[in-house]
Amino acid sequence: MSASSRPAAAVVGLVLGTSALSGCAVTLIEGTGSPAPGAGGVVAVEEFPIIGAGDGEIDQLARNALSDLNTYWAEQFPSVFRQDFTPLAGGYYSVDPNDIDPGQYPNGQIGCGEPPEAVTQNAFYCSPSGEYPNGDAIQYDRDFLSELASGYGRFIPALVMAHEFGHAVQGRVGYPVPASIVIETQADCFAGAWTAWVADGNSPHNSIRPAELDDVLRGYLLLRDPVGTGVGEAEAHGSYFDRVSAFQEGFDDGPTACRDQFTADRPFTQRGFSDADLLTGGDAPYNQTVEAFAPDGLSEFWTTVFDQLGETFQPPQLEPFSGRAPTCGGRAPDTDLVYCAADDAVGFDEAELTEPLYEAEEGGDYAVLTAISIPYALAARDQLGLSTDDQAAVRSAVCLTGAFTAFVLNGSSGVLSISPGDVDESVSFLLEYSDDPEAFAEADMTGFQLVDVFRGGVFQGPSACDVGV
């Protein structure tokens with residue numbers, strides 16, 4: 001995040017991009033935990049062969065997922081793509097790069113005619129071609145999937161299979177546009193659509209509960225492009241926000257949205273570093289963030305919103321504190337983020353929240369701004385005569401923080417500009433603090449749901465956030 005070089009404009013846009021993207025509705029799921037192999041029904045080896053697979057848990061998780069992905073897409077293809085789904089002709093390949101036996105693979109090759117070691121630390125789909133054998137195939141490094149599962153939960157191997165199967169879908173119906181980031185995020189969207197089907201209890205061999213969806217989104221942090229990757233680079237997959245957003249779009253709106261919304265004009269937050277960003281890493285100093293960007297940037301945004309409503313915005317006071325919040329209306333709040341209506345003040349705990357948050361993100365300027373924006377939005381809601389102390393208020397405030405983010409992303413702010421990786425920090429903050437009552441006292445929402453609400457604000461602006469715009 002850095003100071004904006006753009007003069008303040010009289011009329012500004014509040015929505016990211018031009019595509020009519022969905023994202024306001026949040027799907028609430030009950031769900032059950034992902035069963036261990038054998039507890040909820042497993043696919044037998046002979047029913048679904050994977051070349052090179054062993055008898056370990058990861059190969060069983062992959063087999064369960066791939067079997068159910070075939071079932072799901074066979075059901076979806078006629079209505080979504082007006083054609084029948086054809087099974088993958090080249091099959092499936094599992095590789096342990098630490099123990100490769102070429103004799104397990106046809107002519108010592110996996111898909112695309114590649115040697116088994118080509119999939120090390122990866123998983124990929126290769127399309128049909130007369131130029132190499134074993135086309136139309138999915139292959140994966142099971143040791144890599146085991147590492148992912150250890151760090152981000154047992155559903156992650158299924159997620160990776162669902163993403164690669166998304167590419168198999170593209171191999172049958174065509175790629176949306178010749179741009180890597182659009183192709184990859186559409187595959188994330190297809191993976192989200194399948195995951196919703198699993199969450200709804202339709203999958204014979206897979207299941208997921210709400211808390212595991214938070215782990216799924218956390219897993220995308222490892223799978224994002226390096227911060228500063230350009231949107232047009234040859235193998236771009238998308239930022240953390242871009243990939244999570246695509247997955248959630250599929251989860252909320254299904255495969256038809258994935259088919260229709262991934263076009264050449266789809267907006268992305270991924271971007272390369274500017275010359276100014278290269279000097280700072282895109283991170284503003286902590287003091288500049290809380291003393292200038294937070295009060296001036298948020299006031300600028302809300303003044304614009306209130307102007308659209310024909311109202312006058314009165315900026316609340318920002319009051320940082322350390323460990324103990326100032327008394328508000330005769331009581332001492334016990335949360336790290338505070339809106340005090342009696343004093344028209346927004347407080348944030350520097351010792352317990354914003355300073356550790358900045359350090360945890362190694363310069364998490366926008367994570368800090370995201371946190372402060374939430375009680376600031378409650379102050380704005382109060383001025384509009386809306387609630388400030390219930391779930392609807394917190395939900396609206398998170399959405400409005402997404403709308404503020406779009407305002408800055410679009411270059412509408414004369415105060416600050418967003419650097420590569422900044423919006424990813426918002427996702428990380430919402431996921432990691434979603435179950436912290438000192439940050440989200442009245443939310444009663446999972447991290448997955450908070451991120452979904454935030455992206456609704458990013459793509460639809462304040463109109464998605466229940467403030468009458």
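Me: What makes Arg266 and Phe262 a charge-over-ring case?
Reply: The charged end of Arg266 sits over the ring of Phe262, 3.9 Å from its centre. The limit for the distance is 6 Å, and this is a predicted model.

Me: Why is the pair of Phe77 and Phe85 called edge-to-face?
Reply: The planes of Phe77 and Phe85 are at 70°, and over 60 degrees counts as edge-to-face. Their ring centres are 5.2 Å apart, and the cut-off for a pair is 6.5 Å. The structure holds 26 aromatic pairs.

Me: And what makes Phe429 and Tyr433 a tilted pair?
Reply: Here the centres are also 5.2 Å apart, but the planes are at 35°. Stacked needs under 30 degrees and edge-to-face needs over 60, so what remains is tilted. Both residues lie in helix α12 (residues 422-433), 4 residues apart, which is about one turn of the helix.

Me: Which residues do ring pairs link into a cluster?
Reply: Tyr72, Trp73, Phe77, Phe81, Phe85, Phe165, Phe190 and Trp197 are linked that way.

Me: Which residues touch the most other members of the largest nonpolar core?
Reply: Trp73, Trp194, Trp302, Phe429 and Phe440 do, in a core of 127 residues. Helix α10 (residues 365-383) gives the largest share, 12 residues. Apart from this core lies another, of 9 residues, including Val95, Tyr105, Ile110 and Ala137. As background, nonpolar side chains tend to be buried together in soluble globular proteins.

Me: What is Trp302 in contact with, leaving aside neighbours within four places in sequence?
Reply: Trp302 is in contact with Phe313, Tyr376, Ala377, Ala380 and Leu400. Contact means heavy atoms within 4.5 Å.

Me: How do you know that Thr405 is buried?
Reply: Its relative accessible area is 0%, and the cut-off is under 20%, so Thr405 is buried. Thr405 is in helix α11 (residues 391-409). Not counting residues up to four places away in sequence, Thr405 touches Tyr366, Ile418, Val423, Phe454 and Val458.

Me: Which residues lie nearest the centre of the largest pocket?
Reply: Asn122, Ala123, Glu164, Glu184 and His237 do, out of 29 lining residues. The pocket has a volume of about 760 Å³. Two or more lining residues come from each of β3 (123-126), α3 (156-173), α4 (180-199) and α5 (210-223). The largest share, 5 residues, is from α3.

Me: What about the phi of Cys112?
Reply: Cys112 has a positive phi of about 70° although it is not a glycine. Most residues other than glycine have a negative phi. Cys112 is in the loop between β2 (91-95) and β3, and at 16% relative accessibility Cys112 counts as buried, the cut-off being under 20%.

Me: Why is Asp466 called exposed?
Reply: Asp466 has a relative accessible area of 58%, and exposed means over 50%, so Asp466 is exposed. Asp466 is in the segment after α13 (447-460). Its phi is near 60°, a positive value in a residue other than glycine.

Conventions:
Residues numbered from 1 in each chain as written. Predicted model: local features only at pLDDT ≥ 70, side-chain atom pairs only at ≥ 80, totals over all residues. Heavy atoms only, no water. Buried < 20%, exposed > 50% of the residue type's maximum accessible area, 1.4 Å probe, protein only. Phe/Tyr/Trp six-rings, centres within 6.5 Å; stacked < 30°, edge-to-face > 60°. Lys NZ or Arg CZ within 6 Å of the ring centre and 35° of its normal. Core = buried A, V, L, I, M, F, W, Y, C linked by side-chain atoms within 4.5 Å. 1 Å grid on protein atoms, 1.4 Å probe; cavity = no way out; pocket = protein on both sides within 12 Å on 5 of 7 lines; lining within 4 Å. Points joined across faces, edges and corners; volume = space filled by probe spheres on them.
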